[in-house]
Amino acid sequence: VAGIFVHRLFALVGVALIVWALPRLARRCGVASVSALWLGAANPLLLFHLVAGVHNEALMLGLMLTGVELALRGVYVDTPDGRAYRNRATAWIAAGTALIALSAMIKLPSLLALGFVGMALARKRGGSVRAVVTTAVMLGIGATLVIGVISWGSGLGLGWTQTLGTATEVRSWMS
């Protein structure tokens, strides 16, 4: 029973991250933030499926959306050129990449969000093939570093990857 409550607590943390990120991403894309919240966070699917159904996708989505927002802050920083501003933009992109990598450790498909961030960054860098490749390498190294540090630091190594397929198996009556 305690495990179920802790799992629900993590789901609620994910929902809180979703509620934080959705209006910001909506404004960034020219969509009304209230509409985004109603459609994305206040919809019954999110509440009943992700929270009541005790699914870890809530945390995955929250981390992914928050990571995309933070990374796009770095991509679209509207400040004058200068080292301090580049460092701030790099820090936002690194933080976003880290959160997206963490979300991928819950469910691997969320790593695709890094591709959208990468294309936005490559577009800002000129949109050339070289910009796309260097951005992909840079974000890939960042995500690999985060996954490596968490895997090593947790003591699990890459053992967590074996749990990525558990959605296809029933492990307990609660799943």
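Mentor: Happy to! Let's start with Val129, which counts as exposed because its relative accessible area is 66%, and exposed means over 50%. Keep in mind as we go that this is a predicted model.

Trainee: Okay, and where is Val129 found?

Mentor: Val129 is part of helix α7, which covers residues 129–154.

Trainee: Let's zoom out for a second. How many helices and strands does the protein have?

Mentor: There are 7 helices and 0 strands. Starting at the N terminus, the order of elements reads α-α-α-α-α-α-α.

Trainee: And how much of the protein do buried residues make up?

Mentor: Of the 175 residues, 35% are buried.

Trainee: Now the packing. At what angle do α1 and α4 pack?

Mentor: Helix α1 spans residues 2–28 and helix α4 spans residues 57–75, and the two pack at an angle of about 35°. Their axes are 7 Å apart.

Trainee: Is that crossing of α1 and α4 left-handed or right-handed?

Mentor: The α1 and α4 crossing is left-handed. As for the residues of that contact, 18 are nonpolar, 3 are polar and 4 are charged.

Trainee: Speaking of charges, how many salt bridges does the structure hold?

Mentor: It holds 3 salt bridges. One of them joins the side chains of Arg28 and Glu69, with an N to O distance of 2.8 Å. That pair links distant parts of the chain, since Arg28 sits in helix α1 and Glu69 in helix α4, 41 residues apart.

Trainee: Which other residue meets Glu69 in a salt bridge?

Mentor: Arg73 does, and the side chains of Arg73 and Glu69 come to 3.1 Å, N to O. Both residues belong to helix α4 and are 4 residues apart, about one turn of the helix. Arg73 is partly exposed, its relative accessible area being 26%.

Trainee: So what links Arg28, Glu69 and Arg73?

Mentor: A network of salt bridges links Arg28, Glu69 and Arg73.

Trainee: Which residue forms a salt bridge with Lys107?

Mentor: That's Glu57, and the closest N and O atoms of Glu57 and Lys107 are 3.2 Å apart. Glu57 lies in helix α4, while Lys107 is in the loop between α5 (83–104) and α6 (113–124), so the pair ties together parts that are 50 residues apart in sequence.

Trainee: Why does Lys107 count as buried?

Mentor: Because its relative accessible area is 18%, and buried means under 20%.

Trainee: Change of topic! What separates the C-alpha atoms of Ala16 and Ala58?

Mentor: A distance of 9.3 Å, although Ala16 and Ala58 are 42 residues apart along the chain. Ala16 is in helix α1. Ala16 counts as partly exposed, at 46% relative accessibility.

Trainee: Last one: where is Tyr76 found?

Mentor: Tyr76 is in the loop between α4 and α5. At 37% relative accessibility, it counts as partly exposed. The C-alpha atoms of Tyr76 and Ala120 are separated by 8.7 Å, and these residues are 44 apart along the chain.

How values were computed. Residues numbered from 1 in each chain as written. Predicted model: local features only at pLDDT ≥ 70, side-chain atom pairs only at ≥ 80, totals over all residues. Heavy atoms only, no water. Axes fitted to C-alpha atoms, helices over the stretch in contact; angles between N-to-C directions. Left-handed = near helix turned anticlockwise from the far one by under 90°. Nonpolar A, V, L, I, M, F, W, Y, C, P; charged D, E, K, R; others polar. Buried < 20%, exposed > 50% of the residue type's maximum accessible area, 1.4 Å probe, protein only. Salt bridge = Lys/Arg side-chain N within 4 Å of Asp/Glu carboxyl O.
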